[in-house]
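Visitor: Can you walk me through this model? I'd like the contacts and the cut-offs behind them.
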Amino acid sequence: MQDPASSIYRKLPADADSVKAERNRRLFEWWRDRARGRAMPQRGDLEPTELGWALGHFSLIEIGTDGQFTYRVDGTHIAALTGVDMTGKRVDLYPRARSRQLILDSYRELAATGRPLCIYMDTELDGRWVNLEILLLPFADSDGRVSHLMSAMAAKADLPRR
């Protein structure tokens, strides 16, 4: 990804109005339904077989007891778009330093607040401009602490530079 200083980047709380991409909105509604009135669903509420329509478009990140974020699954469509498959790897090993810091900052915020986020960004990937909507959703352990994150990405490619 290009230097975020020359990209368009905006982070907002995720809600029914801020999530625009159809698949992300459907995933957000699924997440909210699984919460059943709680602040967030528990990791056990995540049943991947219910998400066949979104497979490949989301990543599941585990927060270790040491505070490290590790991609348990990095969606195949996300890996193809970014050119990086992070499955089984820690976020702090993401090869693009500037993007790595944005990712870590967003994951840390989500882990600390337990509130979903929506990130909008125009950035360059392999010489073409891409408009991204990234949805970040928290999942709790049995004690109510954020233990996992889900990151979903929707993209429109070949946009003109704003």
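**Strands, core and charges**

Guide: Strand 4 is mostly covered, with 8 of its 9 residues buried. Buried means under 20% relative accessible area, exposed over 50%, and partly exposed in between (1.4 Å probe, protein chains only). Helices (H or I, at least four residues) and strands (E, at least two) are DSSP runs, numbered from the N terminus.

Visitor: What should I know about the source?

Guide: This is a predicted model: local features need pLDDT of at least 70, side-chain atom pairs count only at pLDDT 80 or more, and totals for chains, interfaces and linings use all residues. Residues are numbered from 1 along each chain as its sequence is written, and side-chain values use heavy atoms, with hydrogens and water left out.

Visitor: Which way does strand 1 run against strand 4?

Guide: Antiparallel, with 6 bridges joining strand 1 (residues 8–13) to strand 4. Two strands pair if DSSP finds at least two bridges between them. Leucine 12 stands opposite cysteine 118 in strand 4.

Visitor: And how many bridges between strand 4 and strand 5?

Guide: There are 9, again in the antiparallel sense. Isoleucine 119 faces isoleucine 134 of strand 5 there. The two strands form a hairpin with 2 residues between them, and aspartate 126 in the turn has a positive phi of about 50°.

Visitor: Now the core. How many residues has the largest nonpolar one?

Guide: It has 46 residues, and those with the most contacts inside it are Leu27, Tyr107 and Met150. Strand 5 gives the most to this core, with 8 residues. A nonpolar core is a set of buried Ala, Val, Leu, Ile, Met, Phe, Trp, Tyr and Cys residues joined through side-chain atoms within 4.5 Å.

Visitor: What does methionine 150 touch?

Guide: Leaving out residues up to four places away in sequence, its partners include Leu27, Trp30, Leu46, Phe58 and Phe139. Contact means heavy atoms within 4.5 Å.

Visitor: Next, rings. How many aromatic pairs does the structure hold?

Guide: It holds 4. In one of them, tryptophan 30 and phenylalanine 139 have ring centres 6.3 Å apart and planes at 50°, so the pair is tilted. Tryptophan 30 is in helix 1 and phenylalanine 139 in strand 5, 109 residues apart. Rings of Phe, Tyr and Trp (its six-membered ring) pair if their centres lie within 6.5 Å; planes under 30 degrees apart count as stacked, over 60 as edge-to-face and the rest as tilted.

Visitor: Is phenylalanine 139 buried or exposed?

Guide: Phenylalanine 139 is buried, at 0% relative accessible area. Tryptophan 30 is buried too, at 7%.

Visitor: What sits over the ring of tryptophan 53?

Guide: The charged end of arginine 26, 4.0 Å from the ring centre. The rule asks for NZ of Lys or CZ of Arg within 6 Å of the ring centre and within 35 degrees of the ring normal.

Visitor: And how many salt bridges?

Guide: The count comes to 9, taking a side-chain nitrogen of Lys or Arg within 4 Å of a carboxyl oxygen of Asp or Glu. One of them joins glutamate 50 and arginine 34 (3.0 Å, N to O). Glutamate 50 lies in the loop between helix 1 and strand 2 and arginine 34 in helix 1, so the pair ties together parts 16 residues apart in sequence.

Visitor: How covered are those two?

Guide: Glutamate 50 is partly exposed at 35% relative accessibility, while arginine 34 is buried at 18%.
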